[in-house]
2 protein chains.
Amino acid sequence: MPNSPLPPTAWAVLGLLSFPGERTGYELKKWADASLRFFYGAPAFSQIYAELRRLEGLGYVTSRRSGPEEPRAKRAYAITEAGRDALAAWAAGGEDVGAVSLRHPVVLRVWLGHLAAPERLRALVEEHLAHAEGELKEVRDALARADGVEAWAHPQIALRWSERHLVSEVELTQGMLADLDALAHGTVNAAPDAPTAE
Amino acid sequence: MPNSPLPPTAWAVLGLLSFPGERTGYELKKWADASLRFFYGAPAFSQIYAELRRLEGLGYVTSRRSGPEEPRAKRAYAITEAGRDALAAWAAGGEDVGAVSLRHPVVLRVWLGHLAAPERLRALVEEHLAHAEGELKEVRDALARADGVEAWAHPQIALRWSERHLVSEVELTQGMLADLDALAHGTVNAAPDAPTAE
DNA sequence: TAGGACATGTAATCAGTTACATGATTAA
DNA sequence: TTAATCATGTAACTGATTACATGTCCTA
């Protein structure tokens, strides 16, 4: 009945609409960029629009074209009761909620560190550190805004998780930097052309 | 010109071959499952075989069919000098190393928590906690094995990062559980109508 | 003798991205 | 008047997964 197996991103988009009010695809994208993105990435515009059309086909959302009273031509979406039910069923997660997926290109390069110049590698990791600090600042902004605009409890918990996660990301990166430094001066031989010595 | 833009996964597979010795696709998959997967996921068998064929087409790896001396018919791959050079160039990362991508289905469901029964949500999070603890155990096993088999310094740093990351994942999950509980029995520190105080 | 690990692939499908295209409205 | 933002889409591509298919070798 209700469930053809939609991808998580479709549920995420529907989830964005599960909070009161109607929104355009454009608004959904902005909101995803500011909040969803910290724990689930942010789909591209094109995908959001595609998912909205699919969700409408399933009867999970309805859309309304803006009339001439509004300055700008747009299409605003709202969740239906069927959509809310389906989303709730999905969120309750029969059995398998799916695995966490992580792709960390910086750690990947460190893993391949035997091929790189130590200073270059270090620079890469330091860039990432700065980036993570920037992200942390952004999630804190989002959290601050969430007091007013996003005063719903559960999204706040998710954002709090994201904040702690980024704090940890910063620490983890610093730890990796320390490991790299320890490797560089002294402890071990990091010979780039080491023979197949056991 | 060495670089048609290969996907990170191709470089990861090539990276698996950048450590001494030759390996079959099957072995690569096992190794990815035991180590790469903690910070970059593990590609499916079919993708590994596909990437190996592509890398061979580019001259980054060579392959050798097992002769009749070996019990089992298989194809073993080894990295070439060109492959090593290309990989080193990629690892040095001109400009953009790509963004960390994270998809956390559990946090996604917590974010949607207003739709679920609190006990169900809690159960979901607790399942994840147990899972993360299991993963932590596995990464520690990998780390222990790395002393012998995987005695290369940089993969060890990556595994150390993974260990700390999973420790943090466990803590983060516990924190989220605490937030959920606080929300459930009124102890909410997140005031419903906190003013937009400066 | 059966089940599991080893070993390699094909086929179909799809999620998701990038690039492109268009145009209105608003603020500088 | 120019740039940014709002707003919505199409087209092409490809990364990656799942399911399937096949067969060998090892061990309990």
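User: What makes the pair formed by a base nitrogen of DNA strand C and the side chain of A:R72 a polar contact?

Analyst: A base nitrogen of DNA strand C is 3.3 Å from an N or O atom in the side chain of A:R72. A polar contact is a pair of N or O atoms within 3.5 Å (within protein, one must be able to donate a hydrogen and the other to accept it, and residues adjacent in sequence count only if both atoms are side-chain atoms), so the pair at A:R72 qualifies. Please keep in mind that this is a predicted model, in which local features need pLDDT of at least 70, side-chain atom pairs count only at pLDDT 80 or more, and totals for chains, interfaces and linings use all residues, while side-chain values use heavy atoms, without hydrogens and water. As for names, residues are numbered from 1 along each chain as its sequence is written, and chains are lettered from A and ligands numbered from 1 in the order in which they are written.

User: How do you know which residues are around DNA strand C?

Analyst: A residue is near a strand if one of its heavy atoms lies within 4 Å of it. There are 21 such residues for DNA strand C, and A:Q47, B:Y49, B:R72, B:R75 and B:R103 come nearest. Helices are DSSP runs (H or I, at least four residues; strands are E, at least two), numbered from the N terminus.

User: What makes 8 residues of the surface near DNA strand C nonpolar?

Analyst: Ala, Val, Leu, Ile, Met, Phe, Trp, Tyr, Cys and Pro count as nonpolar, Asp, Glu, Lys and Arg as charged, and the others, Gly among them, as polar. Sorted this way, the surface has 8 nonpolar, 6 polar and 7 charged residues.

User: Which residues come closest to DNA strand D, and which polar side-chain atoms pair with it?

Analyst: The closest of its 21 surrounding residues are A:Y26, A:R72, A:R75, A:R103 and B:R72. Among the pairs, B:T9 has a polar side-chain atom 2.9 Å from a phosphate oxygen, A:R53 has one 3.3 Å from a phosphate oxygen, and B:R72 has an N or O side-chain atom 2.6 Å from a base oxygen. Here α3(A) gives the most to the surface, with 4 residues.

User: Why is the relation between chain A and chain B called a two-fold axis?

Analyst: Copies are superposed by least squares on the C-alpha atoms of residues with pLDDT of at least 70 in both. A rotation of 180° with 0.0 Å of shift along its axis places chain B on chain A, with an RMSD of 0.0 Å, and that is the relation of a two-fold axis. In chain B, the C-alpha of B:L102 is nearest the axis, 2.3 Å from it. Both copies use the same surface, since 93% of the contact residues of chain B recur in chain A.

User: Why is B:R140 called partly exposed?

Analyst: Buried means under 20% relative accessible area, exposed over 50%, and partly exposed in between (1.4 Å probe, protein chains only). B:R140 has 40%, so it falls in between. B:R140 sits in helix α6 (residues 118-148) of chain B.

User: What makes helix α1 of chain A mostly covered?

Analyst: In this helix (residues 8-16), 8 of 9 residues are buried, including A:W11 and A:L14. For chain A as a whole, 47% of its 198 residues are buried.

User: Which residues have the most contacts inside the largest nonpolar core?

Analyst: A nonpolar core is a set of buried Ala, Val, Leu, Ile, Met, Phe, Trp, Tyr and Cys residues joined through side-chain atoms within 4.5 Å. The largest one has 113 residues, and A:L36, A:F39, A:W111, B:L36, B:F39 and B:W111 have the most contacts inside it. Helix α7 (residues 153-184) of chain A supplies the largest share, 11 residues. Contact means heavy atoms within 4.5 Å, and B:W111 touches A:L36, A:F39 and A:H154, among others.

Technical notes. Lists of a residue's contacts leave out its neighbours within four places in sequence.
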